[in-house]
Amino acid sequence: MSKSKTSKSKAKQAKAAPKALTKKAKPVAKKVAAKKAPPKAVKAAAKKTAKPKASKPMVKAKKAISPSAKAKKPVAPANKIVSKVKKPQLKKVATPAKKPVVAAKKALPKKAPVVAAKKVPLKAPAKTPVKVSKPAVKLAVKVAPPAQKSAPATKLLPVKKAAVVVSVEDKPEPAKVSTSLVVSSTGMPRIASLPSAPPPPPKASAKKPSSPQLVSEPIEAAKAPVISSEKASTVKSGAMFYDSHMHTPLCKHAWGEPEEYCAQALKSGLKGIIFTCHCPMPDGYWPSVRMSDSEFDTYVAIVQRAANAYKGKLDVCLGLESEYFPGYEKWIENLHKRAPFDYILGAVHWQAKEYLNKYETGTIENFRRTYFDQLATSAETGLYDCLAHPDLVKNYHPDSWCFAIIKNSVIAALDRIAKTGVAMELNTSGLNKSYSEMNPGNEMLKMMADRKIPIVLGSDAHKPVRVGEHFITALNNLVEAGFENVSYFKKRQRIDMKISDVISSIKRASDANA
């Protein structure tokens with residue numbers, strides 16, 4: 001019994017010793033971290049001390065202290081934890097990646113010298129007693145923008161006036177710079193001492209490029225128009241009238257072969273037609289709407305081909321829509337001698353880029369006044385038998401066309417044209433243009449009738465189907481305007497006929513040829 005008691009007491013002491021140790025271990029664990037690993041180590045040590053063979057409890061208790069040493073081992077993890085906590089602090093303090101960014105921001109002020117270099121000429125008014133060497137102005141413009149070349153700009157200060165530098169730096173319009181670039185003989189040695197630069201090339205004029213500048217050679221004096229002694233006659237079908245304006249594919253904006261135009265003319269009750277394709281012009285003048293000079297012989301040949309094909313059925317004649325543009329009069333005069341034309345139709349085409357470049361410089365009304373002035377001038381040259389689509393310019397900004405505004409200019413032009421005896425055209429294709437009205441309109445047509453200006457009728461057909469189009473309407477308009485006669489040309493001589501006769505012949509022939 002005594003042995004069992006002693007063993008029990010020893011067991012109690014053994015249990016008490018681990019408890020005492022655990023009490024000591026708890027403060028250590030609290031300092032390290034909130035982990036529960038140290039208490040588990042103490043319990044494991046307690047289980048080991050509870051073995052029955054422990055004869056010396058105090059010694060065992062001392063050995064049991066070793067679990068406390070084991071308990072101290074978790075301090076190392078605590079240090080690791082501390083190191084983990086400190087690492088982000090080290091990352092925050094040592095930020096080598098952000099240092100270059102700070103340096104880059106500080107490096108930005110390095111551009112300040114470039115601004116200073118540009119402003120240096122502005123501070124130079126007091127240091128400029130010497131005359132301006134203006135080629136240096138151009139050098140300053142080239143040298144000043146780079147930072148490394150700002151020094152040469154300061155070298156130019158004794159040579160330049162501050163006012164000139166300000167005009168170049170602050171007002172860099174090309175026209176003003178070109179006017180300041182005048183070579184100064186006294187300034188050249190100073191410019192030569194600067195970094196080498198080629199002399200400025202001569203600048204082109206800043207003015208809007210115009211059409212070719214030509215000095216017109218004198219042409220033959222204008223002759224009075226010739227009225228043919230030939231009397232108008234009818235053919236078997238009853239037809240007696242001509243469509244005096246149509247085109248071929250050589251003008252690059254018409255469709256259909258000449259023979260197709262001939263076929264349509266018969267259906268329209270006509271006796272004949274006159275091809276008037278756009279004439280060739282030199283110097284590349286508006287080439288997209290006309291035959292080239294090398295195609296002129298081809299044009300004459302295809303018209304003759306159609307004439308041969310319709311011989312005895314339709315009278316096919318050779319004409320030309322001949323351009324009027326100041327400076328080309330001699331060219332046109334010589335062109336008219338290259339073939340046996342029946343009819344020359346003069347035209348002022350405001351649409352040509354060369355025409356617009358030269359004359360589109362003011363208001364819309366002034367542009368139109370220029371057109372009518374040149375229309376009259378073209379008649380006064382004596383180069384043309386008739387003037388095509390006389391008020392074509394109403395298609396220039398058609399929404400703003402107002403005849404009342406331009407009326408006085410039209411009157412002045414018609415007075416001049418009437419003195420020449422040159423005919424004018426009533427062009428039915430105006431109904432197909434932007435401003436849908438025949439050319440000319442009825443009011444201008446009346447003014448022409450009042451002045452006894454001869455009138456010719458043309459469809460300006462660019463497609464076969466339009467040959468003779470709206471002719472009955474056009475003839476009725478002529479009667480209302482006060483005309484009694486209408487004309488066409490053969491061998492460049494005018495043939496007149498009664499409008500009433502023409503209307504009846506067209507109706508009769510179109511029915512016969514239907």
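**Aromatic pairs.** I began with the rings and found that the structure holds 16 aromatic pairs, where rings of Phe, Tyr and Trp (its six-membered ring) pair if their centres lie within 6.5 Å, and planes under 30 degrees apart count as stacked, over 60 as edge-to-face and the rest as tilted. One of them is the edge-to-face pair of tyrosine 285 and tyrosine 328, with 5.7 Å centre to centre and 70° between the planes. This pair links distant parts of the chain, 43 residues apart: tyrosine 285 sits in the loop between strand 2 (272-275) and helix 14 (296-309), and tyrosine 328 in the loop between strand 3 (315-323) and helix 15 (329-335). Helices (H or I, at least four residues) and strands (E, at least two) are DSSP runs, numbered from the N terminus. Tyrosine 285 and tyrosine 328 are both buried, that is, under 20% relative accessible area, with exposed meaning over 50% and partly exposed in between (1.4 Å probe, protein chains only). I also noted that ring pairs link Tyr285, Phe325, Tyr328, Trp350, Tyr355, Tyr359, Phe367 and Tyr396 into a cluster.

**Basis of the values.** This is a predicted model, in which local features need pLDDT of at least 70 and side-chain atom pairs count only at pLDDT 80 or more, while totals for chains, interfaces and linings use all residues. Residues are numbered from 1 along each chain as its sequence is written, and side-chain values use heavy atoms, with hydrogens and water left out.

**Whole chain.** I counted 21 helices and nine strands in the protein chain, and buried residues make up 42% of its 514 residues. Among contacts (heavy atoms within 4.5 Å) between residues at least 6 apart in sequence, 79% join residues at least 24 apart.

**Glutamine 374.** Is glutamine 374 buried or exposed? Glutamine 374, which lies in helix 17, counts as buried because its relative accessibility is 6%.

**Helix 19.** In helix 19 (residues 442-450) the buried residues are Met444, Leu445, Met447, Met448 and Ala449. These buried residues pack against helix 17 (364-380), helix 18 (403-420), strand 6 (423-427), strand 7 (455-458) and helix 20. After helix 19 comes lysine 452, with a positive phi near 60°.

**Helix 20 and helix 21.** I then looked up helix 20 (residues 471-481) and helix 21 (residues 499-512), whose axes come within 10 Å and cross at roughly 165°; axes are lines fitted to C-alpha atoms, for helices over the stretch in contact, and angles run from 0 to 180 degrees between N-to-C directions. Helix 20 and helix 21 are therefore roughly antiparallel to each other, given that angles under 35 degrees count as roughly parallel, over 145 as roughly antiparallel, 65 to 115 as roughly perpendicular and the rest as oblique. On the helix 20 side, Phe471, Ile472, Leu475, Asn476, Leu478 and Val479 meet Ile499, Val502, Ile503, Ile506 and Lys507 of helix 21.

**Helix 13 and helix 14.** Last, I noted that helix 13 (residues 258-267) packs on helix 14 at an angle of about 45°, with the axes 9 Å apart, and that the two are therefore oblique to each other. Pro258, Glu259 and Cys262 of helix 13 make this contact with Ile302, Arg305, Ala306 and Ala309 of helix 14.
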